[in-house]
Amino acid sequence: MTPPPGSLLAAEDLHKTYGPTKALDGAEFSIHPGEVVAVMGPSGSGKSTLLHCLAGIVVPDSGSITYDGRELATMSDAQRSALRRSEFGFVFQFGQLVPELTCVENVALPLRLNGTSRKEAERAALTWLERLEVDDLAKKRPGEVSGGQGQRVAVARALVTRPRVLFADEPTGALDSLNGERVMELLTDAARSTNAAVVLVTHEARVAAYSDREIVVRDGRSRDMERIV
Amino acid sequence: MSIGHIGHTLLGLLESGPRHGYDLKRAFDEKFGHDRPLHYGQVYSTMSRLLKNGLVEVDGIEAGGGPERKRYAITEAGITDVDQWLATPEKPEPYLQSTLYTKVVLALLTHRDAADILDTQRAEHLRSMRILTDRKRKGDLADQLICDHALFHLEADLRWLELTAARLDKLREAVAR
Amino acid sequence: MSARRWAGDLGLGVKFGFTGGREGWGRLLLTAVGVGLGVALLLLTTAIPTALTVRHQREAARLDYTYSKPPAKSDATLVIADLDTTYRDKEVRGRLVEPEGPKAPLAPGLRSYPAPGEMVVSPALKRLLDSRDGALLRARLPYRVVGTIGESGLVGSQELAYYAGARDLAQHINGWQVARISAFGPPADQPEDKMDPVLILLVLVVFVVLLMPVAVFIAAAVRFGGERRDRRLAALRLVGSDSRMTRRIAAGEALAGSLLGLAFGTVFFLIGRQAAGGVEVMGISVFPDYLDPSPALALLVAVAVPAAAVLATLLARRGGGIEPPGVVRTARPARRRLWWRLLLPVAGLALLVPMIGQGRSHGNFNEYLVIGGVLLLLVGVTALLPWVVEAVVARLGRGAVSWQLAVRRLQLSSGTAARMVNGIAVAVAGAIALQMLFTGVEGDYSKETGVDLNRAQMQVRLSRGVSLDEAAGKFADVRGVRKVVAMGEASVGDTSWRSADGPRLSSQVTVGSCAALREVAKLPGCRDGDVFAVTGLGWDTDTPPLAEPGRRLHLDTSQGLDLSREVTWTVPHGLKRARAADAPNGLERGGFLLTPGAVPAQAAGAIVGQVYLSVDESVPEVHDLVRNTATDVDRFADVMVWTATQQSRQYASIRTGLLVGSVCVLVLIGASLLVSQLEQLRERRRLLSSLVAFGTRRRTLGLSVLWQTALPIALGLLLATAVGLTLGTVLLKMTDTPVGVDWPSVLTMTGIGAGIVIAVTLLSLPPLVRLMRPDGLRTE
């Protein structure tokens with residue numbers, strides 16, 4: 001099956017094994033610019049592996065991943081790192097903010113890795129903190145803010161480089177429903193306003209309900225729910 | 001004219017071969033009846049409706065007469081009707097399980113793809129949830145609270161769907177026994 | 001609080017210490033090795049006083065005082081000759097013995113005296129003579145080995161010593177080299193030898209400087225793996241232990257490490273003790289059983305180390321409560337205050353400063369002040385360093401991402417960083433101060449010799465009456481000898497040397513060929529038979545009045561064999577004048593210069609022959625070839641090697657020892673740094689993975705690890721250098737020695753520190769790369 005035309009990031013027939021376990025066994029995926037796709041599935045089904053492959057963190061054993069017409073599998077580690085720095089953004093469940101850096105420094109970090117000057121990076125970081133309604137935390141350290149606030153800072157950090165694809169791996173996993181939904185609202189609003197595609201790995205239906213489309217991964221195989229109905 | 005949930009179930013049960021009315025009742029009670037066994041009257045009235053719609057035909061009548069002595073067989077139209085019924089997701093609403101459960105078991109009994117049924121239902125549920133979520137985002141507090149109530153119920157259904165999907169193999173074994 | 005609850009909690013902690021799984025064992029082992037090395041060093045230190053006492057007693061027991069009034073010959077006397085020599089760079093204690101009767105005193109360690117032509121040797125000398133290395137020495141000791149000297153007659157396992165039997169020694173008795181004695185041991189009225197105050201100071205400082213980092217290290221060692229332990233303790237809080245209980249359990253864990261460390265330390269000490277038997281430092285070796293720690297001190301170590309570990313843990317946990325996991329809010333810690341931290345080094349200086357300028361001539365330094373002062377200064381380093389790290393790091397921040405990550409990390413936990421580096425800082429500060437002191441004192445000693453090494457490098461002093469010409473000829477034939485200058489030396493006075501007060505005016509006499517005399521003075525012209533009076537020496541005020549032709553002068557025979565005969569010499573009429581020049585031994589010679597033809601026959605016995613040799617140092621074993629020839633010419637000959645480096649070679653071994661010790665301490669500290677670094681990395685595994693996910697370069701993370709180690713160590717070394725130089729300067733001023741900085745050693749120490757930073761970084765890179773794999777991102 002060829003990826004649908006106009007897709008920004010597409011994967012075909014991905015296989016990946018970790019030792020004896022098959023994490024991915026012929027998974028497929030595609031996403032258009034500005035689209036929010038939820039990746040669901042039971043624990044250990046391979047949804048995180050799929051996300052890691054799509055983001056170029058992990059190289060699949062076989063299969064192809066094309067981003068914007070480029071094949072990820074043939075890129076070097078440094079090229080993929082550079083791609084992640086400039087085109088992708090990431091939000092994880094927890095443990096992603098550098099505890100020593102203040103919130104604004106954390107948000108500025110991806111820009112600084114791209115070579116932006118400190119001042120400029122922190123100015124941009126501050127506007128993103130404002131958009132996520134946590135600009136009052138700018139000078140605090142992650143250890144001093146609540147989980148929901150920290151996650152908003154993480155979203156700000158993921159979006160500060162204006163990525164074209166935002167990867168979110170259980171972004172609300174550690175939050176209560178109210179905080180989780182607020183984070184999801186802010187995340188999807190912000191992503192839509194920058195026309196970023198969002199790959200949202202979650203096991204919560206109410207979080208997945210913020211997506212446009214849903215893909216279920218079972219035993220390493222993906223299923224696009226849109227095509228069933 | 002709708003033949004109802006029980007009608008489709010009995011129709012599905014006939015797919016494996018012609019049965020007498022009382023056989024059908026016993027099979028239904030065994031697989032789906034649990035706490036609510038069917039009355040003979042229900043079987044009789046349902047079967048006569050199915051007959052009227054051409055979904056079943058009388059295969060033969062045993063000596064002694066009486067409705068329970070008739071043997072029914074499914075028609076081509078009946079099989080198509082079961083197909084359609086199974087493939088159509090139920091409207092997401094609370095307390096759906098009994099219908100969904102019946103559908104899954106019937107699919108397993110008739111060697112159809114039960115996972116498909118679950119996934120279809122899942123997609124339908126999520127679509128409803130998306131709509132509710134969207135309404136919630138645009139609405140006022142009252143809207144939000146009402147939508148949340150529905151969302152939590154749908155989420156429970158969805159969890160059940162997931163759980164059932166994960167246990168399909170076990171269910172297949174149990175049904176085959 | 002009942003003792004049973006205490007014991008129970010401590011016991012639980014000990015159990016945790018021993019049941020921490022593979023990782024826990026690794027940490028426990030590291031703690032134990034660290035504490036063990038410290039304990040071994042402490043035990044060794046407690047054993048040193050005993051060892052020195054035993055050594056001193058043995059040394060005293062075999063003293064053969066040759067300066068005291070000689071007893072009359074009897075069947076209970078012994079004639080003994082001191083034939084100490086040097087082989088390569090090792091001293092050989094040599095004695096010729098001739099018992100004069102059956103009741104002659106027996107030297108310690110001997111069963112009987114060897115017959116003439118035979119000798120009894122120390123085990124080390126026997127080994128040396130039997131080996132190929134001993135060939136030249138065998139030639140110098142032409143005696144048959146008939147036995148070995150027992151341990152009671154030796155002061156060290158590596159001592160080279162022999163007693164050789166001889167005949168007709170009595171005729172050589174001269175009161176200093178050959179003497180008649182009736183007993184061994186110090187004479188009853190002999191006052192106790194006083195040690196050089198500067199030497200005592202050195203020893204005190206060495207002890208403090210070596211033990212301080214050990215103490216700091218033990219303190220750090222019991223806290224290895226602190227962060228992980230914190231989490232376990234936090235979990236204990238959750239299941240309901242109160243904060244005191246938790247502290248005691250933590251102390252129990254420290255106790256486990258220190259107890260195992262005690263066991264390790266005992267083993268290390270026993271191994272080290274056995275090894276110490278085969279080692280020689282500064283020409284001093286000991287027997288293993290000398291190194292017997294006094295029971296009281298050993299007990300003190302056994303009690304103090306675990307107690308200190310428990311106390312340190314209890315104190316360290318008093319401030320910071322242990323929170324349940326997950327609720328630790330890393331709030332900014334309170335700022336450290338400076339004043340009491342400054343108080344320590346200032347107090348240390350205050351103790352030392354009053355002793356400035358005391359030098360070696362004003363008696364001993366006050367031990368308590370010295371130890372207290374040095375201790376306070378070094379402890380001051382450990383107190384100041386956390387403040388310095390905090391203060392400096394708080395002002396940093398600009399720079400690359402890797403720099404920012406490291407600096408921010410240090411800002412949050414500067415205490416941990418400083419604690420790890422404390423040991424390094426103390427060791428380096430102490431070592432720098434010691435090196436300065438050594439260099440200063442060493443320069444002091446080598447300056448005193450002041451010999452002109454360009455003209456002669458060896459000097460052989462012959463006994464009276466040995467033919468100079470013959471000796472000169474033999475030396476000239478030795479391979480590697482470039483030039484031989486032979487001269488006779490004596491003293492003259494205006495009256496007899498045997499009178500009560502000795503002569504009022506006295507002068508030197510030098511006898512030699514014209515060529516030899518030209519080495520010590522500028523001669524106007526010279527023929528055999530000439531006599532010169534040296535002029536132009538400010539200090540030589542006696543010569544002009546004595547240099548009157550016709551005046552009868554008395555030769556000094558007081559140290560000669562023949563005290564009965566008065567030998568005189570008349571200043572001849574043909575006396576010439578000569579201008580003084582530097583003599584080969586660096587000492588100007590004044591007085592009279594005589595050519596052989598001018599020496600009266602009866603004066604020969606009063607003249608001591610001196611041979612000055614210029615040798616080619618590149619010829620292997622040239623010194624020992626000369627020594628052998630000297631023994632051949634005159635077995636009582638005294639050979640001296642003039643090298644400014646002879647003194648410094650002794651210090652070189654101390655310096656090497658100090659360097660090795662410091663390197664060991666530094667490497668240990670480096671190991672502990674590495675462990676805490678790895679632990680920290682492991683704890684941040686998820687963070688590292690997510691940083692990699694959004695595209696952080698591995699280089700950036702590697703560099704941040706480097707900065708994180710390098711910054712505190714650089715600050716520590718800087719502070720250590722400052723304190724070390726201060727301490728060194730004060731100590732040098734105390735000994736009244738010119739202050740000079742021994743930059744090579746400063747650079748060496750800082751270089752080693754830098755090396756450790758790099759090693760720790762490099763060693764933590766592979767795990768870092770492993771941890772940066774995406775596995776850390778898995779949510780399951």
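Visitor: In which sense do β2(B) and strand β3 of chain B pair, and over how many bridges?

Guide: Strands here are DSSP runs of E with at least two residues, helices are runs of H or I with at least four, and both are numbered from the N terminus; two strands pair if DSSP finds at least two bridges between them. In this predicted model, β2(B) and β3(B), residues 70–74, pair in the antiparallel sense over five bridges, and B:Ile61 stands opposite B:Lys70 of β3(B). Local features need pLDDT of at least 70 and side-chain atom pairs 80 or more, whereas totals for chains, interfaces and linings use all residues. Residues are numbered from 1 along each chain as its sequence is written, with chains lettered from A and ligands numbered from 1 in written order.

Visitor: Which strands stand at the edges of the open sheet in chain B?

Guide: The order is β1-β3-β2, with antiparallel pairing; β1 (19–20) and β2 (56–61) stand at the edges with a single partner strand each, so one side of each has no neighbour in the sheet.

Visitor: How many residues of chain C are in contact with chain A?

Guide: Contact requires C-beta atoms, placed from the backbone, to lie within 7 Å. By that rule, 22 residues of chain C are in contact with 31 residues of chain A, and α11(C) gives the largest share of chain C's side, six residues.

Visitor: Is B:His111 buried or exposed?

Guide: A residue is buried with 20 or more other C-beta atoms within 10 Å of its own, exposed with 12 or fewer, and partly exposed in between. B:His111 has 10 such neighbours and counts as exposed; B:His111 lies in the loop between α5 (97–109) and α6 (114–138) of chain B.

Definitions and conventions
Two residues are in contact if their C-beta atoms, placed from the backbone, lie within 7 Å.
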